Amino acid sequence: MRKIDDRFIDDLREGVFSAFLRRVKADDSLCLEIRNNHINIYYRGGNLLKITQYKNSYRIFFDSKYCLNKGNETNYELLNSLKTNDIDGYTQSLDLMISEMDGWFKVHPKPEREFQHDLVKSNSCIVDIEYQIKHTSRLDMILFADNKIIIVENKLGKGAISGKAGIAKHYKDICDILNDDQTRDELINSVVSISDAKYKLGLVDKPICKHEIHGSEILFLFAEYNEQSMALQNEINQISDTLPAKILFMGNDEHLIRLECAEDLMSYGR
């Protein structure tokens, strides 16, 4: 289950990591996500910092790969040599790390992750992103709206409609999670604990109470997709309908998720 304890929250709110939290709140290119005893701070959809809590200490991690394979590796040694407990060093190097990530993204663009990041910053109903469950399944986003947990699969452009990362496969994986008592309860408890931590950190206006959750739904969100293509319809035809699912089309310059515009997945194209 995803959660952090009160000591970690206090250290983020007013303690040794408060500079990071202030920066996240002030900078729309950053977001902070709760994990199991650690947090990730994302920049433009990439993982800028991972801060992990242990019994009597913390460890900070920046992936120095962002300094490599982009024509200028000047700062690799400096950032790679930072000790995992050097809070001041990471605080002082934050702008440099962001600059290195900008250089990396120019060479290795991640448009789907950047689109997802823009969605996170524009929609307060998004509880979490990149939710790993059962060691094999990763959920793109989790929303809470209309008293329901909504599992969202993002698709940008025409890619990954079919095959191992296709719509039918994702639908089945999500149904397996929601139809299993253990994984469904883990998901619900994580939604509650994540929202509580984010509320205490001042990142959301109010926490989600467990008694407010009444059901779940699946949403496939497509950006910049040709709605006339038959690829999506062919994939939907392979789905055995067991849980409610909807589909929503957006432009890649749109970031506000209008759930009222979503249509029933199984009725699409019929």
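1. A polar contact here is a pair of N or O atoms within 3.5 Å, where one must be able to donate a hydrogen and the other to accept it. The structure is a predicted model. In this model the side chain of Ser64 forms such a contact with the side chain of Asn80, at 2.8 Å.

2. Ser64 lies in the loop between β4 (58–61) and α3 (76–80). Leaving aside residues up to four places away in sequence, Ser64 touches Tyr76 and Asn80.

3. Is Ser64 buried or exposed? Ser64 has a relative accessibility of 9%. Ser64 counts as buried because this value is under 20%.

4. Two further residues deserve a look for their backbone angles. Most residues other than glycine have a negative phi. Arg44 is not a glycine, yet its phi is positive, at about 55 degrees. Asp146, also a residue other than glycine, has a positive phi near 55 degrees.

5. Where is Arg44 found? Arg44 sits in the loop between β2 (38–43) and β3 (46–53). With a relative accessibility of 22%, Arg44 counts as partly exposed, because the value falls between the limits of 20% and 50%.

6. Asp146 is placed in the loop between β6 (137–145) and β7 (148–156). The relative accessible area of Asp146 is 65%. Asp146 is therefore exposed, as the limit for that class is over 50%.

Conventions:
Residues are numbered from 1 along each chain as its sequence is written. This is a predicted model: local features need pLDDT of at least 70, side-chain atom pairs count only at pLDDT 80 or more; totals for chains, interfaces and linings use all residues. Side-chain values use heavy atoms; hydrogens and water are left out. Helices (H or I, at least four residues) and strands (E, at least two) are DSSP runs, numbered from the N terminus. Buried means under 20% relative accessible area, exposed over 50%, partly exposed in between (1.4 Å probe, protein chains only). Contact means heavy atoms within 4.5 Å.
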